[in-house]
Amino acid sequence: MDTPSSSSATLVNPAASAASTSATASLVEIFSAIQGEGMNIGTRQLFIRFGRCDLRCNFCDSANTWTGQPTCDIEQTAGLRDFVTQPNPVSLEDLVGWVQRLDGDRVHDSISLTGGEPLLHAKFLQRFLPVLREELPLLPIYLETGGHRPDLVESILPLLDSIGMDMKLPSVSGENRWDAHGEFLRLCVDKNVDIFVKAIVSDTTTLDDLDRTGELINAADPNIPLILQPVTPLPKLIKPDYPVPQAPAPEDVLAWQTRLKKVLPQVRVIPQSHKMIGQM
Ligand code: SF4
């Protein structure tokens with residue numbers, strides 16, 4: 001359903017008007033939900049899902065984000081899934097107005113910038129996040145990222161409150177980004193940004209990949225929490241030539257946590273809870 005733009009939502013900050021000039025981004029959706037992964041699990045977040053990703057993980061459950069889409073879905077009332085469709089790209093001014101409206105009941109604990117890979121919109125975020133801070137100063141800003149674009153994160157680090165960074169294990173994801181992950185972690189530690197690492201594990205996880213994960217975190221800051229997330233098997237193949245990753249055996253997960261806790265103090269195992277409760 002196409003509807004008129006909601007850019008008429010209250011937006012009185014002159015900084016927003018100045019920043020909006022030619023600032024646009026390709027979105028997938030905006031919605032309110034219970035965070036089902038990572039250190040923020042169980043909290044209520046306002047999700048801004050950006051379009052496009054430069055990785056192709058074997059376990060990806062957001063393949064619809066890989067390329068930019070002509071439209072995006074904007075929830076009108078927090079949690080009611082009363083989406084309306086808007087054309088892409090969206091302006092900074094429209095996006096701020098939609099976020100303000102969705103947070104009208106002040107139910108959210110934080111805003112989640114997710115994707116796709118939100119850092120592919122770093123230039124937009126440089127302009128959007130300062131306006132967001134002024135308009136919604138009580139909402140912390142949390143970034144979910146593949147952790148493979150240190151070149152793009154640096155410019156927005158001062159604008160973030162926390163980061164959930166994926167460590168892509170080659171034996172599970174099919175992606176090999178070790179050097180970029182190491183650089184990304186170093187940057188975040190240098191800038192004193194609150195960060196945790198999440199690694200998706202499956203029946204194909206190798207000990208070499210787990211050891212490399214422990215080494216990289218240890219080299220940056222051993223106190224960075226690591227979350228092992230057993231993969232949620234996908235309902236269908238997303239890569240025709242690659243089998244759907246399966247969940248690891250429970251005894252393997254226990255052994256992996258034991259192994260990693262010898263080098264890192266904080267290693268937790270947390271599955272995707274939003275899928276357990278049937279939430280999108
Ligand atoms: S980084 Fe995220 S969105 Fe991109 S392919 Fe991997 S799982 Fe999918």
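**Notebook: loops, helices and one crossing**

I began with Arg106, which is found in the loop between α2 and β7. I number residues from 1 along each chain as its sequence is written. This is a predicted model, where local features need pLDDT of at least 70, side-chain atom pairs count only at pLDDT 80 or more, and totals for chains, interfaces and linings use all residues. My helices (H or I, at least four residues) and strands (E, at least two) are DSSP runs, numbered from the N terminus.

Arg106 is not a glycine, yet its phi is positive, about 55°. I counted 9 other C-beta atoms within 10 Å of Arg106, so it is exposed. My cut-offs use C-beta atoms placed from the backbone: buried means 20 or more others within 10 Å, exposed means 12 or fewer, and partly exposed is in between.

Which other residue did I note with a positive phi, near 65°? It is Asn192, also a residue other than glycine. Asn192 counts as exposed because it has 9 C-beta neighbours inside 10 Å.

Next I looked up cis peptide bonds. The bond from Asn88 to Pro89 is cis, with omega near -5°. Pro89 sits in the loop between β5 and β6 (90-91). The bond from Gly115 to Gly116 is also cis, with omega near 15°. Gly116 belongs to the loop between β7 (110-114) and α3.

I then checked Thr85 in strand β5 (residues 83-87). Thr85 has 13 other C-beta atoms within 10 Å, so I logged it as partly exposed. Its C-alpha is 6.4 Å from that of Thr71, 14 residues apart along the chain.

**Helix α7**

I turned to α7, residues 207-220. Its 14 residues reach 20 Å from first C-alpha to last, close to the 20 Å expected at 1.5 Å a residue. The expected span is 1.5 Å times one less than the number of residues.

Which residues of α7 are buried? They are Asp209, Leu210, Thr213, Leu216, Ile217 and Ala220. They cover an arc of only 125° around the axis, so they lie on the same side of α7. I took the arc from the directions from the helix axis to the C-beta atoms. The face turned away from the buried side carries the exposed Leu207, Asp208 and Ala219. The cover over the buried residues includes α5 (170-173), α6 (178-190), β10 (194-201), β11 (226-230) and α8 (250-260).

**Helix α6**

α6 has 13 residues and reaches 18 Å, close to the 18 Å expected. Its buried residues are His181, Glu183, Phe184, Leu185 and Cys188. Their cover includes α4 (150-153), β9 (162-166), β10 and α7.

**α2 against α3**

The axes of α2 (residues 92-102) and α3 (residues 122-135) come within 11 Å and cross at roughly 35°. I fitted axes as lines to C-alpha atoms over the stretch in contact, with angles from 0 to 180 degrees between N-to-C directions. Leu92, Leu95, Val96, Val99 and Gln100 of α2 make the contact with Arg127, Phe128, Val131, Leu132 and Glu135 of α3. Contact means C-beta atoms, placed from the backbone, within 7 Å.

**Whole chain**

I listed 9 helices and 12 strands. Of the 280 residues, 39% count as buried. Among contacts with a separation of 6 or more, 77% join residues 24 or more positions apart.

Technical notes. Contact = placed C-beta atoms within 7 Å.
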